[in-house]
Structure formats: C-alpha cells, structure tokens
Amino acid sequence: MTLSFRTSKGGRIDRAKSVKFIFDGKTLVGQAGDTLASALLANGIHLVGRSFKYHRPRGILTAGSEEPNALVGVAKSAAAAAAGQSVPNLRATQVEIHEGMVIVSQNRWPSLGFDIGAVNDRLSPLFVAGFYYKTFMWPKSFWNRVYEPFIRAAAGLGKAPTAPDPDRYANRYAHCDVLVAGSGPAGLAAALTATRSGARVILAYEQGEPGGSLLHDVGAQIDGRPAAEWVSAVIAELAGNDRVTLLPRTTVFGYFNQNFIGLAERVTDHLADPDPSLPRERLWQVRARQVVLATGAIERPLVFPENDRPGVMMAEAGRIYANRFGVLPGRAIAVATSCDSAWRAAFDIKALGGNVVAILDMRTDVDPALKEKARAHSIRVETGCTVTGVKGTKRIEGVRLGRISGDTVSSAGSLACDCLLMSGGWTPNVSLHSQARGKLDWHADKGAFLPGDPVQAQRSAGSCRGIDGLAQVLADGARAGAEAAQAATGNAVDVPAFSASGSEVSSGWWLGAVPHDRDASRVRAFVDFQNDVTAKDVKLAVREGMHSIEHIKRYTTTGMATDQGRLSNMNALSIASTALANEIPQVGLTTFRQPYTPVTFGTLATTSRGDLFDPVRRTAIHDWAAAQGAAFEDVSLWKRAWYFPKSGEDMHAAVLRECRTVRESVGIFDASTLGKIEVVGPDAAEFLERIYTNPWKKLGIGRLRYGLMLNEAGFIMDDGVVGRIAEDRFHVTTTTGGAPRVLAHMEDYLQTEWADLKVWLTSTTEQWAVIAVQGPKAREAIAPLVDDIDLSTEAMPHMSVRQGHVMGGIPCRLFRMSFTGEAGYEINVPPSRARQVWDAVFANVERLGGCAYGTETMHVLRAEKGYIIVGQETDGTVTPDDVGMSWAIGKNKPDFVGKRSLARPDLMATGRKQLVGLLTKDGKALLEEGAQVTAEADPAPRTPALGHVTSSYMSAAAGRPIALAMIANGRARHGETLHVPMPNGAIAVEVVPPLFVDPEGSRLNA
Amino acid sequence: MPDVLFHTPAETLALSPLVGAGTSLRRAALLVRFVFRGDAAAAAKVGAAFGVALPQSPLASERTGERAALWQGPDEWLLLARPAMDGPQAVDALARSLAGEIAAALGETPHSLVDVSERHVALLLEGPGAADLLNAHVFLDLDPAAFPVGMVTRTLFTKAEIVLWRTSEQNFAIECWSSFAPYVEGHLAEA
C-alpha cells in the first residue's frame, strides 16, 4: 500500500519527516504531525478494530476524543510491547505517532481481517437489548460458576498490560483566576481576553496543537489573516505572559465541587525518546475562581442501516483529515447530510483534488448558494435523498439511496463509493457543564440541549452552548473571558472585537433513525457504535416497558461506553421519544460524569506508589536494629523491630529466647513509637480526671499511673502510662497506633466541651526516643549510665518518674515501669542522642547476659501477665469491666468520658464477654488468634460461639502455650472445659484467670 | 542567600530533575523549638523574654535574625531559636535558659511551654523552582500575592503534615516531624 491517499499539498503535517510505526505487525509510514488515525487513512486503512458485542469490523469514525470505534493498544516500542508494557483502548484519533510505535488492533482473534468472534454478528438476533438480564437469570446457581466467569472473559476490548507500569506520573496543584477548557475560537478568545485583563489564566486543550476547528477551517480569516496564523499569534501572546499556563494534550476530565478541576496532561506519549526526567502523565488539580467551558460541538451520526461499516465517517472528520492532515479518506467520496456544514467538507475535499461523487441531502429546501457552489465544483447533488444502506463489510463499496417523500422512502438506486461522509448536525458538548451540576435546557428550534444556568462559577462559550458561525463564536468567547476575568479579579475588562469571515452559520439537523425502505427486521442501524446498540434495541427497550432514558440506557447500554454517549445520546433519545410518543425533554437526558475520557490509574496515583505510597516512620534505633538482622513489622506508619533472630533461629526460637532472657536477666526494647502528649496547665489534673477513668488529682509529682481512656459510648479506646512531672505538667503516653486519635479526642473535648479549662496539649512523640530496659538486671544495666538519679527502690519505686541526665549530661526522663511483669525502666532521651544511649545500655545488657527484644516478645511477656493490648483484646465494644479492669475506674469521680454509658443496661448486663486465660488441655497445641470458642467440641451448625481467642503464644515462662480470650461470662467459668473447633478437630481448653506468671507481682518491685 | 536562623550544612539532598538549576534542598541542623500555648495575654508576655513578639494575626510570623515566632493557631505558636553553636549540647543549653526566662516572664499566667526541639526537622527548599516544586505536593496557592513572604501555615504535603513557612520570595522552610522527613524528601526528589 502506498501513501497515495495523501493530498499533494496542504495540511499541517511535516511532509519532510516520515515516521515509521507498526500496526498489527506491519510497518507503515506516516508523517510527523499525524495522528495514528490520519496515518492509517493515509495508508488507505479504515478497518482498525472489531466492535465490542458483535465483533463487527469497524473503521475510523471521527477525528477526536469522541471516537467510539478506533480503539487500539499502543506500546512505545517493540521492546516495550515485548515486555508487556502497552496501553489498551487508546483512541487512534488522539494518538500522535512517533518512530517505532507499536499498535495492535483489539477485540479480534486470530486477526483483524478474520475474527472468530464475528459469529456473534450472525447470532445477533439473540443478543438483543436486555440480553444479559434475560439470559443469565436461571438457574440461579449458574451465576457464580458459569455466567459471571463467561461475562468477565468476554468483557472489555483491549488487553491490560501484564508488566508493572514502568512510567512515572506526577502531580501538580494549581490555582488560577480563569481556567479555559478548549482552544478553539471561543476558548482562545476567552483566554486572550482574560489574560489581557491581568488575570491568572490556565488554558487546557486536548490536542497537541491549539486551535481546534481553526486548524482545519482553511477558508476562515480572523482580523484579516488566515485563522491558523491568528491562532499562532494568540498562542505567542499567551505563552509570553507569565500569568498564563498553557497545557497542551491536557484533558479537563473532571469538574468537581467548588470549582475544583481535574486535568490529565499527557506529557511524553507523543515522544519516541522522551527525556527520562519527564513524567509520562501529570495530574493537575486546579482550584479555579472562574471557568470558561469552550468545548465545542460534536457532529452527530446519521442512523441508517449498516452505518457502522468501515469507510463511513463523520463529515467534519473527513474535512479535518483532508485539510489538517492532508489525507483523503477515500477515492470516491459521497456525502450524506441534513446539515449545511457537511457541504463544506465536500467542497474542501474537492478543492484538494479529491473525488466527491455526490452530496445527498435529506432536506429539500437546501440553501441555493450551496447548490450553486456544488455546481461550480461539478459535484452531483441529490436533495430529499438519503442513504438506506451500505454495500461491503470490511470497507464500503457503495451505498443504497432512498428518495424521501413525506414519511415514506422509495429506492433510488445505488452509488459506488469507498467513503461516505455523514452529518446529522451538531450536538453541543455539554459534558463539563453537566459534570458541574448545571442543568440543560431543551431548545426545540436547534434540536439540542444547551447549558442552563450554571450552578458553579462557570460559563459556556461558543458552540458548546449552541452558538454557530465563526464571528459569533469569537465574540461569545471574548464575552465569556471578560465576564470570567471580571468575576474573578473584580477588575473591569475590555472586550476585544474580532472581525471574521468564513465558516458562516450552518443550518439543518436531523435527530433519530433515518427512514428507509429496507426490511426492518433484517437490518441494523447503529446508535451507539462502541456498545453496539441499534435503533431496534432502543425501540425494543421501550416496547418492554422502559419509559425513562435512565432505564433505556441501562437496559440497552446505549451511552454507557467510554464516550458516555457524546455521539449517540441525542439519536437514542429521539428514537425513544418517538417510540414513546413523548417530547424529548420529558424522556430526559442522562447525566455526564467524570471522567470526560478515561484517565490512567498511574495519573490518579501520581507519586504515591512503592516506597512513597505512605510515609514510613522509623525510629532513631531503626538502623541499629536493621544491622542486627531484626525482622520488622508495620505498626500504623511505623516500622518496629519484631524480633531479633540469631543465626539459625526462626521466629519461634528467637521469641522464646528473648522472652526467657528478659525474665532471667534483662532485655532492651525500642519503645520510641509510643505516642506521647505533654499536658500542661493549672487544670491539667482536672482535665485528665475527666478524660481518663482513673483518678489523677492525688497522684504525686514524680509518680506514674496506668490510665484507661473510654470513648463516649463507654468502650475502651486507648491506654497508657501517665507521669506527673510537675504540679501542672503530665507526660502522657498512648498506644503507637492510637497517638493521633487520642490527641484529636483530647483536643476535641478541650475545644468544644471544656473551653474553660486552662490546659494545653502538645505532642511530644518525636521529642523523646524511648529505650525500655526490662528484667531482674534492668537496674544493673542502666545504673552505670545514670548521672543524677537515685535508682534504689526506696528512692524510685515501681511506677515513678524522675528527670535527670544520663551519660554525662544528656537530658532524660526516666520512668520506672513495666509492661512485662519484670522490674524495668524506660529511658526517654532526645532522639539525636538515642543511639548513643542505646549503644551504651546495650553493651551493659549484653555483658549481663541480656539481649535486645522486639514487639513479639513484648506481646508474649505482657500476655503472660494478662495485660491487655487495646485493639487486640479489645475491639471497640469492650468495657473496663469486660477485661477485668474495674479497678481502673475512679469510683468517687463525678464524671469522666464514658461514665454515663457504663451505666447503660446492656453494658451492665450479665453474660457479656470477659477476659480469661485459656490453657490447652494437652499442653501443646497453640491456639489460633481469632479462633472461635464453643461449649461443645462439635457444636450443631449455627450455634453461637461463646467468644474468641484474642492472643495466643508459646510461653517460655509457663513452659507451654498460653492464650487470652474474650468469653461470655468468662470469669464465672474458671475451671470449665471449652473447645476451640478447628478444621482438624476441636481443641479442648481449660478456662483460667488471665495471669500466667508471678501472680503476686513481686518481681515488679524488686 | 543563607538564612541566619538556620545552620545549613553544605550537603544538598536530591531534587526532582524537573527543577532547574539554582534550587536546592537542605536539612537544617538542630534548632531550639518550643510550642507555646496560651491566651493572647500570655503570648504578649512571651515576646519580651523571647526577643520576638508572638504574632496575633493568623498565619503570620515574626522574626529577628536568629529567632522566630510562627503562628500555629489561636492559642499556639512555634518558637524557633538558633543556638550560638552547632550541636545538641548548645541546643539543650539554650532550650534550658529560654524555658527559664519565659517561665519567669509569665509568672503565674497560665500557659504551656513544651520543648519540641527534636520533634521537627527543618527542610530548606530554596531557589527559583521552590514554589513550583512544592505545588507538586502542597495544594495551597503559593503565588506571592496569596502566600506572601513571612506567611506560615500547617498544611498537608501529600500525606504528611508539615508547617510551611515562606522565609523569602524564593525560599521556604518546611518544618515536619522528624520521622516524616524521608517521605517529604522522597517526594521532592520524585515530583
């Protein structure tokens, strides 16, 4: 095949620079500046894909992002394609070709020319509207096993890439006075007007080159020069203004509340060898004071039988390919229309040397000036004439003609042609106005829905609000730009006047099915090309009881493809309203939604992927632990050392060793991630009194107390040890994951309920690194390092805190406390010196036969003592009494958060789940956390469980597995035998008090 | 132009390749930081002791050379002070003496003064590309008309909370909790 479909001159392509690309394995040549669609057409290729449902051969229909047929898979290079890095479902009309690009057609097997799935087309009487609803209902059991897998396998057009996305994606937030969507005459006039007023302007446009229709409107003149030259001058002026951001290849895909606008900028797809520092796409999140929508109008197909055959194309698309890309869409081109604008396509193609075999206009009252011009071009004209069918399947060979007489059509012979340009007039592109929640008004005189009053700070300009004619559109754009700029900045704005000629007002339009003389039961006229919905389907939906367009849409899937019905909605609506004998506004119009066109996942994810998906918080001791070979676990955003395996040890062995070492000598543990809040002010004690269940007022300075915090519902939300540093200053600790929640909870009460309290909160989580030293030799391990604190039990008993220094002047807050049941300390030091202190303490610990331990050992040691972990023993429905902690409630306090709820009958009822210990009868089996606990070994189906296992570990100290569980009425069941049913049989367990080591607590005070 | 408030090590951190020459990112050395909380009357007494008045206008900052007071909320300020010498001992010493002086100035006036010197890291993003780069991750309008020199606010940097302070037309200080700094730095290198 040759490039003989190129015109000899004209077009905006670079004729000196050819570009080689591969389409379905075949190397083709286009020119720089081509889209994939124009390059294929230049090679004489119309057939580019198979349709979704019937696998019908499909060609290039449009020249824009509304393209429903020509969806292809694109890889940057053969290497990328081989690596599984391709992008499916891109519109060939939007893809700018570059050297080496590899394109595959979709939804066909084994090949585009011969496709097995095309059998669906002959079975089409089966696949009528509502096919899925009718077919896949019975038998019900087939849904999961048969129907859904089948539908999923058949669904979708392109193939998803198989390899991880190698590209980078970027994000950009921006603010502006005026955002203009679209760079056609209205958009440029608006942007220019707003810019000259001094406003901050963003101009976003879909294509690589700005100008919209002006790029192919070759006869048009603006301010005395060709339109395309005017475009260049305007863009140069905008580009030279640092208050203006020009965004080419950028789709305004989402119009959200408060003028928040989502834009997708395609940065490198059009480049063969992009700078690797560039992201592939960039998400723009723009807050615009005012928005001008200049999104133009979309030409409407004619719904006649076989209107989907390759070679049938929109008339304006034919004009674009000829004028802008220098490509003739066929060797013998017919034009079928009901609208003036299609005549321009015929004239322009003829002027470029194309062969226009006829203009077929459905109207009888065509403007005589057009007929005169056709005669001058020697083009055959038939009025009152329509196309009633097409010959050829993979490419049209001719069209059937019909003579319209009133409501009837009679055959008028046929016409040989390999391309048919069609036009049913223009549908204003109101998608973004609709996304912005603006209503649409029906204008019967124009056969169109036009934007009604906007809800947000936006206005439409130009043909997207039904304005026609170049001069009128420019004036409307300038008006909109001025209004927007004035509203945004408050400045008065001059409205420039433009003189324009060419592209006069176009009249005429057609909505709905085109009448024909064919056997209606045997032919199909397509309404929605992408979803394979025919005029017949819409009528059938109405016959089967769908009366609202919302129901018709879902029943037939018309308008549900990626173009959201921008091509099809008006025809479908008209067919439905005729079938219903109801007016179009009464049948309704579906709402356009975000995104305007599909947006890649990468663009929405931006930089939040891999290591940067979430913040990863590491403590000052992290590197040390990593160097020691620690395994880490995620606790909220923190990485915590989980256990420290020695060579040859698995987790089980490491944890047993760590547990034994802590109980026998001493262990060192990084507790830095605990939340810390400094509560300061004369009312600090009163505040804690209200926020915790415990009493605080009598807590002495230098003493600690375990605090339990409830939510308003009376359930445990957090716990932690609190130290009184001074009369008016407390050092509060929280759980690692609970720190932000607790601070917000406290601040909320202070700001909304107790604004009178003189107390303030400051997070100190990261001000202090915390080194926990636990075990009988804990004091021995730290004593040599402490400068100025008396560590004797008399001077510093269990549950006390001292401020002082370690290692010659490093400030510290030293807590004597325990979460292990052993005597222990927590050394709070500034993180900058935490490692220094840790290293020194660790050296002592090692010398004393101790070791470092991780969170798993911490969990085991506390479980041996029956200390709860909020979020493990508790699940948001657990009261203090449920976990045996009524002792933590200050009985004489007038109030605290949650107190009233604790008196609710259901929280005081008997039979609530209570914390117990479980010991397996065989002394060996390790229970599974989360396992259900029942009274019977083999309970009847649907027997409610008595509770569940919350914690389960192998205990070195007990010499056997131990578990904690929440069991209904658990404290009354001590000594009972219960069962934990498992897949391999139930495990018998004895209910015991939740305390397995040192019941007297004597070790704490050693 | 180095900012006298911050000790700035020579080492610069990686930045997105899209940022042109002349823009840099550095981690400032340790600094004394306090969170002061209290009412306006209490705040008024701090100024004399600290040497910088606590701004009463939202999002405002006040500074004199090596000290600064950043408005954080109606009853909250972040106080920054550069010690005479580098290193944690100098920070400890200055924090101790400042805490004493402020406490003395406040007397019985209810307030909260908490040392958070090590809670934060200051990331200094400086140069002509700074505002643009920040806007990859910060949704605020950083046009000098909307976010003038001296303006300071708590905001989000993608998913991390930061304090963003414009110290000059082209320079920003990002105060973030230390453990979030690698995340912020990683995003600034990737934008």
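Which residues in H13(A) meet which residues in H14(A)? The views below take up this contact and others. This is a predicted model, in which local features need pLDDT of at least 70, side-chain atom pairs count only at pLDDT 80 or more, and totals for chains, interfaces and linings use all residues. Residues are numbered from 1 along each chain as its sequence is written, while chains are lettered from A and ligands numbered from 1 in the order in which they are written.

**View 1. Helices H13(A) and H14(A) cross in chain A.** From H13(A), Asp537(A), Val538(A), Ala541(A) and Val542(A) meet Ile552(A), Tyr555(A) and Thr556(A) of H14(A). Contact here means that C-beta atoms, placed from the backbone, lie within 7 Å. By class, the contact has five nonpolar, one polar and one charged residues. Nonpolar covers Ala, Val, Leu, Ile, Met, Phe, Trp, Tyr, Cys and Pro; charged covers Asp, Glu, Lys and Arg; the others, Gly among them, are polar. H13 spans residues 535-543 and H14 residues 549-556. Helices (H or I, at least four residues) and strands (E, at least two) are DSSP runs, numbered from the N terminus. The two axes come within 10 Å and cross at roughly 120°. Axes are lines fitted to C-alpha atoms, for helices over the stretch in contact, and angles run from 0 to 180 degrees between N-to-C directions. H13(A) and H14(A) are therefore oblique to each other. Angles under 35 degrees count as roughly parallel, over 145 as roughly antiparallel, 65 to 115 as roughly perpendicular, and the rest as oblique.

**View 2. H1(B) packs on H2(B).** The angle is about 135°, with the axes 9 Å apart. That makes H1(B) oblique to H2(B). This crossing is right-handed. H1(B) contributes Ala42(B), Lys45(B), Val46(B), Ala48(B), Ala49(B) and Phe50(B). H2(B) answers with Leu98(B), Glu101(B), Ile102(B), Ala105(B) and Leu106(B). The contact has nine nonpolar, no polar and two charged residues.

**View 3. Six strands form an open sheet in chain A.** The order is E46-E47-E48-E45-E50-E49, with antiparallel pairing. Two strands pair if DSSP finds at least two bridges between them. E46 (932-933) and E49 (977-980) stand at the edges; each has a single partner strand, so one side of each is left without a neighbour in the sheet. E47 (residues 947-955) and E48 (residues 960-968) pair over eight bridges. Gly947(A) stands opposite Ile967(A) in E48(A). Helix H24 (residues 855-864) of chain A lies across E47 and E48, at about 110° to E47(A).

**View 4. Chain B touches chain A.** Here 33 residues of chain B are in contact with 32 of chain A. On the chain B side, strand E2 (32-37), helix H2 (88-106), strand E6 (112-115) and helix H4 (181-190) give two or more residues. H4(B) supplies the largest share, four residues. The side holds 16 nonpolar, eight polar and nine charged residues.

Definitions and conventions
Two residues are in contact if their C-beta atoms, placed from the backbone, lie within 7 Å. A crossing is left-handed if the near helix is turned anticlockwise from the far one by less than a right angle, and right-handed if clockwise.
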